[in-house]
Amino acid sequence: MFHHHKKLSHKPKEGKLTVAIEKRTSKVPSVVYLSASAAATAASLTLKCFGKKNASLFVGQWAAPLLIMGLYNKIVKTE
């Protein structure tokens, strides 16, 4: 009834460039990404209030990728 699955202890090997990037970015505090995302949101709102719709949309789209980068940063630190 129950299937026993072997856990693979094999961890894929990362490329040299990936390792170098992760080594450097893991030194960046996570609050930097959160602050940058909040700043992008605030800048977007400010631009919107000044009638700069296109610029507001452009800057507002930075918030989500910055949060994703912060999440990736956290994951890299825990490995």
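The chain averages a pLDDT of 88, and 86% of the residues score at least 70. The views below all show this predicted model.

**Figure 1. Overview of the helical chain.** Mean pLDDT among the elements is lowest in helix 1, at 88, and highest in helix 3, at 98. Of the 79 residues, 16% count as buried. The chain exposes about 7100 Å², with carbon and sulfur atoms supplying 68% of that area. Among contacts between residues at least 6 apart in sequence, 65% join residues at least 24 apart.

**Figure 2. Helix 4, residues 63-78, and its buried side.** At 1.5 Å a residue, the 16 residues of helix 4 should span 22 Å, and the end C-alpha atoms lie 23 Å apart, which agrees. Buried positions in helix 4 are Ala63, Leu66, Gly70, Asn73 and Val76. These residues cover an arc of only 145° around the axis, which puts them on the same side of helix 4. The other side of helix 4 carries Ile68, Leu71 and Thr78, which are exposed.

**Figure 3. Cover over the buried residues of helix 4.** What covers the buried residues of helix 4 includes elements from elsewhere in the chain: helix 1 (16-25), helix 2 (30-49) and helix 3 (53-60).

**Figure 4. The aromatic pair of Phe58 and Trp62.** A search of the whole structure finds 1 aromatic pair. The ring centres of Phe58 and Trp62 are 5.4 Å apart and the ring planes stand at 75°; planes over 60 degrees apart count as edge-to-face, so this pair is edge-to-face. Trp62 has a relative accessibility of 41% and therefore counts as partly exposed, a class that lies between the limits of 20% for buried and 50% for exposed.

Figure 5. Ser56 is found in helix 3. The relative accessibility of Ser56 is 5%, so this residue counts as buried, the cut-off for that class being under 20%. Leaving aside residues up to four places away in sequence, Ser56 touches Ser44, Leu47 and Lys48. Helix 3, which holds Ser56, is also the element with the highest mean pLDDT, 98.

Terms used. Residues numbered from 1 in each chain as written. Predicted model: local features only at pLDDT ≥ 70, side-chain atom pairs only at ≥ 80, totals over all residues. Heavy atoms only, no water. Helix = DSSP H or I, 4+ residues; strand = E, 2+ residues; numbered from the N terminus. Expected span 1.5 Å × (residues − 1). Buried < 20%, exposed > 50% of the residue type's maximum accessible area, 1.4 Å probe, protein only. Arc of directions from axis to C-beta. Contact = heavy atoms within 4.5 Å. Phe/Tyr/Trp six-rings, centres within 6.5 Å; stacked < 30°, edge-to-face > 60°. Areas by Shrake-Rupley, 256 points an atom, 1.4 Å probe, with all protein chains shown as cover. pLDDT = per-residue confidence, 0-100.
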